[in-house]
Amino acid sequence: MHVAMADQAVHVGPAQSAHSYLLKDRIVNAAIKTNSQAIHPGYGFLSENTSFAQYCQTNNIIFIGPPPNAIESMGIKSKSKEIMSEAGVPVVEGYHGKDQNSDFLQHQANKIGYPVMIKAIKGGGGKGMKIVSKESEFFENLMSAKRESLSSFGDDSVLIEKYIQQPRHVEVQVFADQHKNCVYLFERDCSIQRRHQKVMEEAPAPGLSESLRQHLGETAVRAAKAVGYEGAGTVEFIFDNATNKFYFMEMNTRLQVEHPITEMITGVDLVEWQIKVAEGEQLPLKQNEIKFRGHSVQARIYAEDPYNNFLPAAGNLQYLDYPTVSDDVRVETGVRQGDDVSVHYDPMIAKLVVWSETRSDAFAKLKNNLSAFNIAGLSTNVQFLMSLCAHHELLKGNVHTGFIEQHKNVLLSKNLPNPELIPQAVIALILYNENKTISTNINTNDPYSPFATQTGFRVNHNYVQKIKLKHNLCGELYDVRIEYCGVGSSDSRFNICFKNKDTEIESNVRGSLDTSSSNKFHLTCIVDGTLYRSNIAFIENSVHLFNKDGGNEFTVILPFDEKTIDSNEHDTESNEIILAPTQATVERVNVNLGDNVCIGDPIVVLTAMKMEYVVKAQIEGKIEKILRKEGDSVRKGELLVKITPKN
């Protein structure tokens with residue numbers, strides 16, 4: 001999408017960022033080739049790379065960001081904490097030194113006391129970050145953090161910090177120019193996270209007094225001035241809910257992914273400010289001229305499966321529809337329908353940003369617009385986000401970084417679909433198949449001819465069809481009986497009876513299916529006298545229903561599949577085999593043929609979307625087969641290792 005939008009596009013290398021977007025000479029050469037005066041480095045890759053900023057200067061290209069010395073000072077977390085301590089900014093207890101010996105780091109962790117946080121000294125986005133709750137888990141987590149850090153940032157150095165339990169993540173947007181002016185544009189609460197990565201952010205942070213908000217902002221400005229900062233930056237703090245105290249965590253020397261919520265409440269275009277500062281202009285506003293109004297929330301739409309430990313889900317966006325954009329609803333994305341979500345990059349599909357006068361209205365607006373974010377073809381977190389922004393504790397402002405884990409039983413519950421959805425899914429399938437039959441029939445131009453419908457029309461008899469339907473989230477199976485009434489007339493009606501193991505319901509249904517494009521349909525139907533409208537997508541033998549309550553996917557179980565349903569589910573859940581939980585690359589195989597393993601032993605390490613995933617043994621036994629080696633690309637569900645159970 002970004003290539004299609006560009007006036008000029010330069011090929012900088014293959015998909016792997018280590019061979020393209022992380023190579024400073026290729027990026028600068030692209031700028032020279034296109035006669036560019038400046039480079040805006042965006043959010044990731046080289047945006048916080050000191051040598052890249054210096055390389056731009058060497059080639060007389062303006063780097064739209066802070067000076068290299070500020071990036072270096074703040075980009076290395078251990079060094080930044082030393083500077084902050086000297087500037088009187090409170091920091092979390094920990095080891096921030098250069099000694100990277102594994103035994104020494106473990107000794108430091110033991111001295112600090114568990115739980116501790118292992119954290120890559122460079123980069124961000126949750127990569128190279130591990131929480132260790134006890135000494136026996138330290139070494140494995142240290143090695144994993146180092147590998148992630150080296151892969152993402154080219155440096156495997158880490159620091160060790162005391163892990164504050166149930167903290168909030170509160171960050172302050174700061175801006176400085178080349179004339180020693182520095183201001184703060186208030187704070188954002190980014191506490192709603194999974195795998196130390198942000199999922200939902202809001203501005204301003206809930207529950208802060210005006211005096212605390214001012215103290216937080218002034219401390220962030222002091223931090224920025226301590227390193228001679230210029231441009232946009234974010235000073236991140238750990239806020240201890242128990243004591244109402246905050247501690248410096250790190251400074252991101254770039255624009256943040258969540259910067260739109262600051263723009264929404266202040267009315268400031270932060271990218272415009274970045275360009276003006278890079279050109280040498282003074283900040284457009286002084287501190288006393290910067291005000292905020294209302295409340296803004298951002299949700300990150302990810303290609304991932306929240307119901308399977310938030311594993312990323314690479315694949316094709318076969319169906320994609322956005323909410324309507326307005327002054328108080330923003331959709332920021334880099335993909336279109338038909339694009340692939342690659343294993344090489346972060347799995348974020350889009351950002352949905354809303355604004356309203358009050359916090360409660362903002363979350364209501366977010367939920368409403370999430371329901372209009374319709375995606376099919378791969379797993380996403382849209383339904384999870386809808387549950388999240390309606391949770392009563394979040395709406396009270398009782399947020400912390402462990403919020404999702406604390407409330408996962410509610411947020412990640414696989415509830416049965418509402419009963420009225422079953423006949424809607426069925427009639428959508430019927431109408432879709434009838435439309436296909438009519439459109440491809442070459443024997444008649446009469447769409448109401450019984451010979452065109454091909455639904456088993458017989459004089460004086462209603463045709464009856466039986467199918468088996470599966471709700472893909474909860475896995476519930478439904479036996480469905482469909483009686484066609486009025487077939488061959490303009491008034492096709494259906495008696496639809498469906499039952500699962502607990503209930504049996506019969507409904508009278510009628511409806512119509514309209515299309516706006518080749519694969520985007522709108523269903524209008526009446527179920528037992530109640531009108532329903534949904535957006536519909538058909539992918540293979542599945543139907544996706546999208547309405548105000550979110551999305552639901554139903555799959556028709558074909559006759560030859562019915563006999564294998566039970567055996568497939570048994571094989572997938574067998575403890576004797578190790579399957580790839582997602583599309584990924586094999587980083588390391590920890591076992592050899594014939595090895596004895598215990599429950600919890602790490603068998604295979606996979607990497608996907610720059611993150612590591614350790615697949616562990618679920619039984620005690622002996623390694624019987626190893627089907628993949630380091631460097632192999634694997635599909636979701638692919639067999640990796642087989643274990644013979646211990647007798």
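Phe45 has a relative accessibility of 38%, so it counts as partly exposed. The model is predicted. Phe45 sits in the loop between β1 (38–39) and α3. Its phi is positive, about 50 degrees, although Phe45 is not a glycine.

Phe186 also has a positive phi without being a glycine, with a value near 70 degrees. Phe186 belongs to strand β8. Its relative accessible area is 11%; buried means under 20%, so Phe186 is buried.

## Two cis peptide bonds

The bond from Tyr114 to Pro115 is cis, with omega near 5 degrees. Pro115 falls in the loop between α6 and β4.

A cis bond also runs from Ala203 to Pro204, where omega is near -5 degrees. Pro204 is placed in the loop between β9 (197–203) and α8.

## Helix α2 against helix α3

Helix α2 covers residues 24–33 and helix α3 covers residues 50–58. They pack at an angle of about 35 degrees, and their axes are 10 Å apart. The α2/α3 crossing is right-handed.

On the α2 side, the contact uses Lys24, Asp25, Ile27 and Val28. On the α3 side, Ser51, Phe52, Tyr55 and Cys56 take part. By class, the residues of this α2–α3 contact are five nonpolar, one polar and two charged.

## Helix α7 and its cover

Helix α7 (residues 138–153) has 16 residues. From first C-alpha to last, α7 reaches 22 Å, close to the 22 Å expected at 1.5 Å a residue. Gly154 follows α7, and its phi is positive, near 75 degrees.

Which residues of α7 are buried? They are Phe138, Asn141, Leu142, Ser144, Ala145, Lys146, Glu148, Ser149 and Ser152. The cover over these buried residues includes α6 (102–112) and the strands β4 (116–120), β5 (129–132), β6 (158–162) and β33 (611–616).

## Helix α6 across helix α7

Helices α6 and α7 pack at an angle of about 120 degrees, with axes 11 Å apart. The crossing of α6 and α7 is right-handed. From α6, the contact draws on Ser102, Leu105, Gln106 and Ala109. From α7, it draws on Phe138, Phe139, Leu142, Met143 and Lys146. The residues of this α6–α7 contact split into six nonpolar, two polar and one charged.

Phe138, Leu142 and Lys146 are among the buried residues of α7. These three residues also take part in the contact with α6.

Helix α4 (residues 68–75) is largely enclosed by the rest of the structure, because six of its eight residues are buried. Those buried residues are Pro68, Ala70, Ile71, Ser73, Met74 and Gly75.

The largest nonpolar core has 39 residues, and Phe175 and Phe237 touch the most other members. At least two residues of this core come from each of α4, α5 (77–86), β7 (167–176), β8 (182–194), α8 (210–225), β10 (231–240), β11 (245–252) and α10 (270–278). Helix α8 gives the largest share, six residues.

What does Phe175 touch, not counting residues up to four places away in sequence? Its partners are Asn181, Cys182, Val183, Leu185, Gly231, Ala232, Leu270, Trp273, Gln274, Val277 and Leu283. A second, separate core has 37 residues, including Tyr307, Phe310, Val354 and Phe373.

## Glu263 in helix α9

Glu263 is part of helix α9 (residues 259–266). Is Glu263 buried or exposed? Its relative accessibility is 9%, so Glu263 counts as buried. Leaving aside neighbours within four places in sequence, Glu263 is in contact with Val268, Asp269, Leu270, Val271 and Arg330. Leu270 is also one of the residues touched by Phe175.

## Asn433 in helix α16

Asn433 lies in helix α16, which covers residues 421–440. Its relative accessibility is 38%, so Asn433 counts as partly exposed. Asn433 and Thr582 are separated by 149 residues in sequence. In space, C-alpha to C-alpha, Asn433 and Thr582 are 32 Å apart.

Conventions
Residues are numbered from 1 along each chain as its sequence is written. This is a predicted model: local features need pLDDT of at least 70, side-chain atom pairs count only at pLDDT 80 or more; totals for chains, interfaces and linings use all residues. Side-chain values use heavy atoms; hydrogens and water are left out. Helices (H or I, at least four residues) and strands (E, at least two) are DSSP runs, numbered from the N terminus. Buried means under 20% relative accessible area, exposed over 50%, partly exposed in between (1.4 Å probe, protein chains only). Axes are lines fitted to C-alpha atoms, for helices over the stretch in contact, and angles run from 0 to 180 degrees between N-to-C directions. A crossing is left-handed if the near helix is turned anticlockwise from the far one by less than a right angle, and right-handed if clockwise. Contact means heavy atoms within 4.5 Å. Ala, Val, Leu, Ile, Met, Phe, Trp, Tyr, Cys and Pro count as nonpolar, Asp, Glu, Lys and Arg as charged, and the others, Gly among them, as polar. The expected span of a helix is 1.5 Å times one less than its number of residues. A nonpolar core is a set of buried Ala, Val, Leu, Ile, Met, Phe, Trp, Tyr and Cys residues joined through side-chain atoms within 4.5 Å.
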